[in-house]
Amino acid sequence: MTLAAPLNPHLVDTATPPIPEAQGWARAYDGRRGPLIDLSQAVPGTPPPAAMLARLAEAAARPDMARYGAIVGDKVLREGYAAESSRFYGAAIRPEEVAITAGCNQAFVCTVMALARAGDNVLLPTPWYFNHEMTLNMLGVEPRPLPCSPESGFVPDVATAEALIDARTRAIVLITPNNPTGAVYSPETIAAFAALCRRRGLWLLLDETYREFLPDAVGAPHGLFAEADWQDHLIGLFSFSKSYAVPGWRLGAITAGESVMAEIGKVLDCVQISPVRSGQEAVAWAIDGIRDWRAGNRREINARAEAFRAAMAPLPGWRVLAAGAYFAYLAHPFPGIRAAEVVRRLVEERGVLALPGPYFGPDQERHLRIAIANIGADRLAELGDRLAGFTIA
Ligand SMILES: Cc1ncc(COP(=O)(O)O)c(C=O)c1O
């Protein structure tokens, strides 16, 4: 007689990462319409510049890089990132207010652990970024959906959010530019959420992984880091994966006041001890070293958003509900058919892989997410031909 050893039910009840499932469907595509157009995962389509790779190699060859570094990241990158964020937001963020993490997903996990405990809840605008929802679930923190409608361009509404707050609400998470929709929230919307958090004693957790892909014309996306006492209610998250094109280096950042950072530091010590050091050296150099390359990349990604809209415009029934920095969110023309079925058939018959809306939360069966960043504008133009005449009987 053996007694089954139980697992953590919070974790068991958490969904498995969804992207591999969709990538599995792509294996059924026989190539009949040309090479697969993979619009599933948000990965940079271009490698980082050679000079940056050379910096990594140089740093990796240094014996001191093999030693443990500082828990919250090496000074060189904390200083570099604090200066860069200060420039970006027109603020005065200090290096002590920055922690470097093994990617922005880790930044989110560590930050949530500092803010909430099991039984608390955190408001997540839906459609949501599935790793945020998964993180909250596995920690026993309720991801409380804050529904965003296509009519509002998937921008969350402050009054709706306020009505969802109760005594166990600890934070509101905003992602702008947004994954999965591509929506860019206005400075006024972001400020209104910050004011709500101030008024109700909550944290605003602002994930700006895609901040460098805002169109050229847009200035600072908000002024929150320039406000007095921002440290009492605001925490910023960033990823170097996308704009520096180094998702495999696993580097992200948290911007927070020193007292909350001291708590986050305890988690970081347990989960990473210190972030990978050679990558920090290379990225610290790249903040200035590849500035022009990043600007060019931003223009290219924005051109892709235009190419995508142009490719979709003539297709009857398909509607682009939002499109921005890295993503577009679509309504498919097949009411009553599950989004997963649309995606499966689309990839099998037309060689186009998107992600089904329900990966991103409740009430998303009519929607598909498209990552426009990892495919060139020429191939996006081909999309119109691939989708033309596609139907599900
Ligand atoms: C909104 C958002 N946050 C965080 C991440 C994770 O980034 P990282 O590679 O730095 O962990 C992603 C990646 O897709 C993302 O879309």
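**Helices, domains and core**

Mentor: In this predicted model, helix H4 packs against helix H10 (residues 277-289) at an angle of about 30°, with their axes 9 Å apart.

Trainee: Are H4 and H10 roughly parallel or roughly antiparallel to each other?

Mentor: The angle between H4 and H10 is about 30°. Angles under 35 degrees count as roughly parallel. H4 and H10 are therefore roughly parallel.

Trainee: Is the crossing of H4 and H10 left-handed or right-handed, and which residues of H10 take part in the contact?

Mentor: H4 passes H10 in a left-handed crossing. From H4, the contact involves Val-76, Leu-77, Gly-80, Tyr-81, Glu-84 and Arg-87.

Trainee: Is Ser-85 buried or exposed?

Mentor: Ser-85 is found in helix H4 (residues 75-89). Leaving aside neighbours within four places in sequence, Ser-85 is in contact with Gly-90, Ile-93 and Arg-211. Its relative accessibility is 1%, so Ser-85 counts as buried.

Trainee: At what angle do helix H11 and helix H13 pack, and how are they oriented to each other?

Mentor: Helix H11 (residues 291-312) and helix H13 (residues 377-387) have their axes 8 Å apart, and their packing angle is about 15°. H11 passes H13 in a right-handed crossing. Among the residues that meet are Glu-300, Arg-304 and Phe-308 in H11, and Leu-380, Leu-383 and Leu-387 in H13. With the angle about 15°, H11 and H13 are therefore roughly parallel.

Trainee: How far apart are the C-alpha centres of domain 1 and domain 2?

Mentor: The domain assignment gives domain 1 (9-47 + 293-387) and domain 2 (50-290). Between them, 35 residues of domain 1 are in contact with 34 residues of domain 2. Their C-alpha centres lie apart by 25 Å.

Trainee: Which residues have the most contacts inside the largest nonpolar core?

Mentor: The largest nonpolar core has 87 residues. Helix H12 (residues 339-350) gives the most to this core, with six residues. The core draws at least three residues from each of domain 1 and domain 2. The residues with the most contacts inside this core are Phe-240 and Trp-318.

Trainee: Which residues does Phe-240 touch?

Mentor: Residues up to four places away in sequence are not counted here.

Trainee: Is Ala-245 buried or exposed, and how far is it from Arg-294 in space?

Mentor: Ala-245 lies in the loop between S7 and S8, and it is buried, with a relative accessible area of 6%. Beyond four places in sequence, Ala-245 touches Pro-44, Thr-46, Pro-47, Pro-48, Phe-240 and Trp-293. Ala-245 and Arg-294 are 49 residues apart in sequence, while their C-alpha to C-alpha distance is 9.3 Å.

**Backbone details**

Trainee: Which residues are joined by a cis peptide bond with omega of about 0°, and which by one with omega of about -10°?

Mentor: Most peptide bonds are trans. Pro-127 is found in the loop between strand S3 (121-126) and helix H6 (130-138), and Pro-177 lies in the loop between strand S5 (169-175) and helix H8 (187-200). The bond with omega of about 0° joins Thr-126 and Pro-127; the bond with omega of about -10° joins Thr-176 and Pro-177.

Trainee: What is the phi of Asp-229, and what is that of Arg-250?

Mentor: Most residues other than glycine have a negative phi. Asp-229 lies in the loop between strand S6 (203-207) and strand S7 (234-239) and, at 47% relative accessibility, counts as partly exposed. Arg-250 is placed in the loop between S7 and strand S8 (252-255) and is partly exposed, with a relative accessible area of 35%. Phi is positive in both: near 60° for Asp-229 and about 55° for Arg-250.

Notes:
Residues are numbered from 1 along each chain as its sequence is written. This is a predicted model: local features need pLDDT of at least 70, side-chain atom pairs count only at pLDDT 80 or more; totals for chains, interfaces and linings use all residues. Side-chain values use heavy atoms; hydrogens and water are left out. A nonpolar core is a set of buried Ala, Val, Leu, Ile, Met, Phe, Trp, Tyr and Cys residues joined through side-chain atoms within 4.5 Å. Buried means under 20% relative accessible area, exposed over 50%, partly exposed in between (1.4 Å probe, protein chains only). Helices (H or I, at least four residues) and strands (E, at least two) are DSSP runs, numbered from the N terminus. Domain bounds come from an automatic or database domain assignment. Contact means heavy atoms within 4.5 Å. Axes are lines fitted to C-alpha atoms, for helices over the stretch in contact, and angles run from 0 to 180 degrees between N-to-C directions. Angles under 35 degrees count as roughly parallel, over 145 as roughly antiparallel, 65 to 115 as roughly perpendicular and the rest as oblique. A crossing is left-handed if the near helix is turned anticlockwise from the far one by less than a right angle, and right-handed if clockwise.
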